[in-house]
Amino acid sequence: MATVVRMPSVLAGATEAAIANWLVAPGDTVSAGTPIAEIETEKALVEYAAEEAGVVGRLVLRAGDSGEIGDPIAVLVAAGETESDIDAALGATAAPAPPPAPTHVRAPNDTVSARGEVSVSAPQTAPAAHAAGSNGHHGAAQRGRIFASPLVRKLAGERGIDLAELAGTGPNGRIVRRDLERYLAAGSVGPAQVQPDAVSSPLAADEVATEAGALATDGATVVPHTPMRRAIARRLSQSKTTVPHFYLTTECVVDGMLALRARVNETSPVKVSVNDFVIAAVAAAFGDVPDANVTWTDEGLLTYRSVDISIAVATDGGLVTPVLRGVEAKRLSAIARESAALAERARDRRLRQHELEGGTLTVSNLGMYGTAEFSAIINPPQSGVLAVGAARPQPVVVDGAVVPATVIRCTLSVDHRAIDGALAARWLAAFTVHLENPLGALI
């Protein structure tokens, strides 16, 4: 029987993704585990492998096309199966992976399917039927029930759009995002139907520009949000509203570290940065205070034996945080090499799914920009983020005497659900010792 390959949920929180490249063509034979496509999400390029063996019968989406999570992207066939078998498989009601929970508030005559989709009874009033007919969208209006993805339901509700006016092109006539986009592009929605908060929707950049244009003055222009920018906004808003942050700051005297770095870089084929020393000190601090190597879940604290650290990388599209794994077992040169490789792939949008997942803590360093001190927002579900400022000369007191020294201020943002103040303070004190005396962490 023909098997439908659906858009995978390759990144937490993603509602859609795009086919960046197909690695197979119709007629190719694949086995379970064979890479078949590169899936592009908001922040990464993910290589997706076939879950079953078969022959590629049809590629539903072209390279560059996007689809919602769970939409068909390809069909695998067995020997002897034909185009009619492919059509039958695409028209079947086999449920994909459950999409995000619907935001629709159910009316008494609404139902929710096993796939998590909201089925809304089509309006039976004459005006609604007339509107559907006048726009040429008979398919949706003639059905007794309308199937639409939760994302489409949400966006249509924001714009006051009657789903009965849309023709679904998804599996079994389901209304998917591209149907709503085409409907909007056709100009079917009048200005009075667009809700005030529609500016927050990822659809219709021209509508965003129109809404925001009223606020623009004296030559200001509106740049539509990219998917990455929307993802950053969503994640950080979630963090600040659901994660109870608290903050601790330390001052590290780093003259010894800077001198050691200069000596290392004189002979090492891999140039070591200040941030590499910071990462090594973070790993050493988790070795001293393993109770801090945890993350919060509703069921209990997840404790980790390995030290996996995210590195904040600024790209043209926004901030990404690839994960450096097993840092406690890496030499300084390995940290430097792997960090540089992750940063390069992040800027080229070539990160893989596993390189963005996991980690207990993120290191965010703005010292190279001259920033003296800052506080960062935790990247859920991690438990903390260490904000690293610039190395600056200032007076310090040593043995009762004031002497000049180079100091870096580091601020630790902590999830109070997982880590209490005293534990965080112990961890930060251990980090300070290891950054000021890096040889201890490297031997």
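Me: Is Arg153 buried or exposed?
Reply: Buried, with 16% relative accessibility. Buried means under 20% relative accessible area, exposed means over 50%, and partly exposed is in between (1.4 Å probe, protein chains only). Bear in mind that this is a predicted model, where local features need pLDDT of at least 70, side-chain atom pairs count only at pLDDT 80 or more, and totals for chains, interfaces and linings use all residues. Residues are numbered from 1 along each chain as its sequence is written, and side-chain values use heavy atoms, with hydrogens and water left out.

Me: Where is Arg153 placed?
Reply: In helix H4, residues 150–159. Helices (H or I, at least four residues) and strands (E, at least two) are DSSP runs, numbered from the N terminus.

Me: And how many Å apart are Arg153 and Arg177 in space?
Reply: 9.4 Å, C-alpha to C-alpha. In sequence, Arg153 and Arg177 are 24 residues apart.

Me: Switching to salt bridges. How many does the structure hold?
Reply: Ten. A salt bridge here is a side-chain nitrogen of Lys or Arg within 4 Å of a carboxyl oxygen of Asp or Glu.

Me: Which residue meets Glu355 in a salt bridge?
Reply: Arg345, at 2.3 Å from N to O. The pair links distant parts of the chain, ten residues apart. Arg345 is in helix H10 (332–347), and Glu355 is in the loop between H10 and strand S19 (361–365).

Me: Is Glu355 buried or exposed?
Reply: Glu355 counts as buried, at 10% relative accessibility. Arg345 is partly exposed, at 22%.

Me: What about Lys330, which residue does it bridge to?
Reply: Glu338, with the closest N and O atoms 3.1 Å apart. Lys330 is partly exposed at 23% relative accessibility. Glu338 is partly exposed too, at 31%.

Me: And which residue does Asp65 meet in a salt bridge?
Reply: Arg62, at 3.3 Å from N to O. Arg62 is exposed, with a relative accessible area of 62%, whereas Asp65 is partly exposed at 23%.

Me: Which residues are linked in a network of salt bridges?
Reply: Arg58, Glu83 and Asp87.

Me: OK, aromatics. How many aromatic pairs are there?
Reply: Two. Rings of Phe, Tyr and Trp (its six-membered ring) pair if their centres lie within 6.5 Å; planes under 30 degrees apart count as stacked, over 60 as edge-to-face and the rest as tilted.

Me: Which residue does Trp427 form a stacked pair with?
Reply: Phe431, at 5.8 Å centre to centre and 5° between the planes. Trp427 and Phe431 both lie in helix H11, four residues apart, about one turn of the helix. Both are buried. Ring pairs link Phe286, Trp427 and Phe431 into a cluster.

Me: Last topic, the surface. Which residues form a nonpolar patch?
Reply: Leu366, Met368 and Tyr369, with about 350 Å² of accessible area together. Patches are made of residues with over 30% relative accessible area and no salt bridge: like charges are joined within 9 Å, nonpolar side chains (Val, Leu, Ile, Met, Phe, Trp, Tyr) within 5 Å. Accessible areas come from the Shrake-Rupley method with a 1.4 Å probe; for residues, only the protein chains shown count as cover.

Me: Where is Met368?
Reply: In the loop between S19 and strand S20 (384–398). Met368 counts as exposed, at 57% relative accessibility.
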